[in-house]
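Here is a report on one protein model.

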Amino acid sequence: MAVTRRQFLGTSAAAASAAALGLAWADRAFAQNTSGIRLAQIGFNSQGSGHIQHNHSNLVALCDVDEQVLDRMADQLRERHGLKLDKFTDYRKLLERNDIDAVSIATPNHTHALIAVAAAQAGKHVYVEKPVSHNIWEGRQMVLAARQNNRLMQCGTQSRSSDSLRDAVAFVQNGELGEIRYALGTCYKPRPSIGKKLTQPLQIPSNFHFDLWCGPAANDDLYRSRIHYDWHWDWNTGNGDMGNQGIHQMDIARWFLGEGKLAPRVVSIGGRLGYEDAGNTPNTQVVFLDYPKAPLIFETRGLPRIQGVKGDWWPAMDQFRGSQIGVIIQCERGYVLVPSYVEAIAYDNFGHLIKRWKASDDSLGRHIKNFLSAVAANEPSRLHGDIQEGHVSSSLCHIGGVSHQLGKPATAGEIAEQIKGNERLSISFDRMASHLRANGVNIDTNDGTLLTFGPWLELDPDSEQFTNNDAANELRSRKQREPFVIPDLERSAVAKAS
């Protein structure tokens with residue numbers, strides 16, 4: 001029987017109403033199941049404010065080292081939601097509270113592990129932002145802290161809660177496009193100069209608890225214009241853009257590859273180029289992670305397509321095969337483009353569309369709901385971004401950073417000669433070199449701006465130790481500053497067992 005347009009629209013409206021009703025019931029069931037979880041938010045000047053948007057109904061306490069940020073958020077939550085929350089500047093005082101079930105951590109990278117390990121040992125479940133750690137060793141302690149204390153610990157790689165990406169991963173891993181040839185992650189995100197103070201360091205305001213903010217990092221003077229956010233570009237506290245934005249794309253790329261451990265070999269090429277400022281992490285970088293089945297290449301570019309762009313850099317950033325901040329999974333018979341946290345598009349090798357997956361653009365909300373639901377059920381297996389997964393993806397960024405930090409100056413020609421036997425690395429490097437030349441950066445002569453060519457580092461994926469470079473193993477961890485010391489849980493477990 002033919003269906004009229006009116007019947008079709010009526011049926012569609014009924015289906016939409018039923019779907020909306022189903023979602024309403026699901027939301028109500030979720031709220032009932034998780035309503036008893038008492039949550040504290042630690043850090044919210046940036047990403048943490050997004051956490052609060054999705055978890056405010058469970059909040060009982062706030063913690064931030066910046067009293068101005070702390071008071072402002074407390075006032076907003078009281079005015080908007082009628083919440084009267086306890087306030088802390090010191091996470092240690094907050095963790096003494098026995099009536100807090102879980103914490104959500106969105107502090108700078110260098111304090112993620114410190115707070116997460118202490119929280120797990122205090123009996124709290126943990127949601128921690130990416131990268132989960134500042135270095136490889138810290139991430140391993142976080143995994144051990146979660147396991148030894150039977151706590152759930154979720155990493156903030158929210159793409160793991162995207163149904164669309166999960167389906168696209170299954171499509172590729174089921175061999176629908178043949179074997180994977182390589183994965184390419186791109187982080188082409190505008191990063192102008194942060195400036196540099198030449199004489200007097202930044203004056204820390206009295207409302208900012210700087211010693212607490214430094215935590216295990218060195219309590220050094222800052223020669224930039226602001227404390228917040230620009231800590232990403234200082235190795236003392238951050239991990240550059242590969243460990244900031246890029247960790248999301250690194251995690252997606254590794255997810256598609258199906259690799260559960262660190263790559264056994266890595267090299268970095270790049271530098272902080274195009275300007276001189278107070279930062280010391282790369283704004284331009286190629287990292288080659290040499291997995292035996294298929295390599296994972298990661299490219300970071302903070303400069304626009306060409307020199308001299310005025311105003312907003314976003315429209316002037318590079319793209320490669322449709323990827324700006326995204327991932328390309330190249331297979332035998334086609335490729336998958338992942339241009340966001342919630343979308344994936346499969347093409348054949350001639351660029352013809354095969355399949356598209358797209359979900360609602362609320363990956364962060366889904367991910368936080370997943371954490372709270374898993375905590376309510378006390379089932380770690382429900383977590384979409386378990387700490388082990390977050391640790392491996394974060395550490396891929398860290399080992400690329402280690403190669404960079406051990407690198408030596410070289411011209412583009414010298415590097416090209418050294419890597420000419422590696423086709424995929426050479427292609428990425430050639431495109432990066434062209435990008436820098438378009439920005440007026442002289443990388444071709446010794447009197448120009450030399451690139452940093454890192455050593456090829458080899459490591460044991462099981463022990464997560466470098467096997468060919470003692471200096472690299474020194475950078476697996478950091479010299480911690482008392483009293484902000486993360487315990488060596490692996491050594492403690494071995495001593496206890498013996």
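## Basis and terms

Two strands pair if DSSP finds at least two bridges between them. Strands (E, at least two residues) and helices (H or I, at least four residues) are DSSP runs, numbered from the N terminus.

This is a predicted model: local features need pLDDT of at least 70, side-chain atom pairs count only at pLDDT 80 or more, and totals for chains, interfaces and linings use all residues. Residues are numbered from 1 along each chain as its sequence is written, and side-chain values use heavy atoms, with hydrogens and water left out.

## The six-stranded sheet

Strand β5 (residues 125–128) pairs with β6 in the parallel sense, over three bridges. Val128 stands opposite Cys155 of β6. Both strands belong to an open sheet of six, ordered β3-β2-β1-β4-β5-β6, with parallel pairing. The edges are β3 (86–88) and β6 (153–155); each has a single partner strand, so one side of each has no neighbour in the sheet. From one strand to the next, the twist averages 15°. Axes here are lines fitted to C-alpha atoms, for helices over the stretch in contact, and angles run from 0 to 180 degrees between N-to-C directions.

Strands of a sheet pair through backbone hydrogen bonds, either parallel or antiparallel.

β17 has two partners to consider here. Strand β8 (residues 265–271) pairs with β17 in the antiparallel sense over two bridges. Arg265 has Glu458 as its bridge partner in β17. β17 and β18 also run antiparallel, joined by two bridges. Leu459 stands opposite Phe466 of β18.

β17 and β18 form a hairpin with four residues between them. Glu464 sits in the turn and has a positive phi of about 60°.

## Salt bridges

Side chains of opposite charge can pair when their charged atoms come close. A salt bridge is a side-chain nitrogen of Lys or Arg within 4 Å of a carboxyl oxygen of Asp or Glu. The whole structure holds 32 of them. Arg140 forms one with Glu464, and their closest N and O atoms are 2.8 Å apart. Arg140 lies in helix α6 (residues 136–148) and Glu464 in the loop between β17 (457–460) and β18 (465–466), so the pair ties together parts 324 residues apart in sequence. Arg140 and Glu464 are both buried. Buried means under 20% relative accessible area, exposed over 50%, and partly exposed in between (1.4 Å probe, protein chains only).

Arg356 and Glu343 also meet in a salt bridge, at 2.8 Å from N to O. Arg356 is in strand β14 (residues 353–358) and Glu343 in strand β13 (residues 343–348), so this pair ties together parts 13 residues apart in sequence. Arg356 is partly exposed at 46% relative accessibility. Glu343 is buried at 11%. Salt bridges that share partners also join Arg38, Asp86, Arg97 and Asp99 into one network.

A further salt bridge links Arg181 and Glu179, at 3.9 Å from N to O. Arg181 is partly exposed, with a relative accessible area of 42%. Glu179 is exposed at 53%.

## Packing of α7 on α9

Helix α7 (residues 163–173) packs against helix α9 (residues 246–257) at an angle of about 40°, with the axes 8 Å apart. That makes α7 oblique to α9. Angles under 35 degrees count as roughly parallel, over 145 as roughly antiparallel, 65 to 115 as roughly perpendicular, and the rest as oblique.

Contact means heavy atoms within 4.5 Å. From α7, the contact uses Leu165, Arg166, Ala168, Val169, Val172 and Gln173; from α9, Ile252, Trp255, Phe256 and Leu257. By class there are eight nonpolar, one polar and one charged residues. Nonpolar covers Ala, Val, Leu, Ile, Met, Phe, Trp, Tyr, Cys and Pro; charged covers Asp, Glu, Lys and Arg; the others, Gly among them, are polar.

## Thr300 and Arg301 in β10

Thr300 lies in strand β10 (residues 296–301). Thr300 is buried, at 1% relative accessibility. Leaving out residues up to four places away in sequence, Thr300 touches Cys187, Asp241, Met242, Asn283, Thr284 and Gln285.

Arg301 is buried, with a relative accessible area of 5%. Beyond its neighbours within four places in sequence, the contacts of Arg301 include Cys187, Tyr188, Lys189, Asn283 and Asp318. Pro282 is 19 residues from Arg301 along the chain, and their C-alpha atoms are separated by 8.8 Å.
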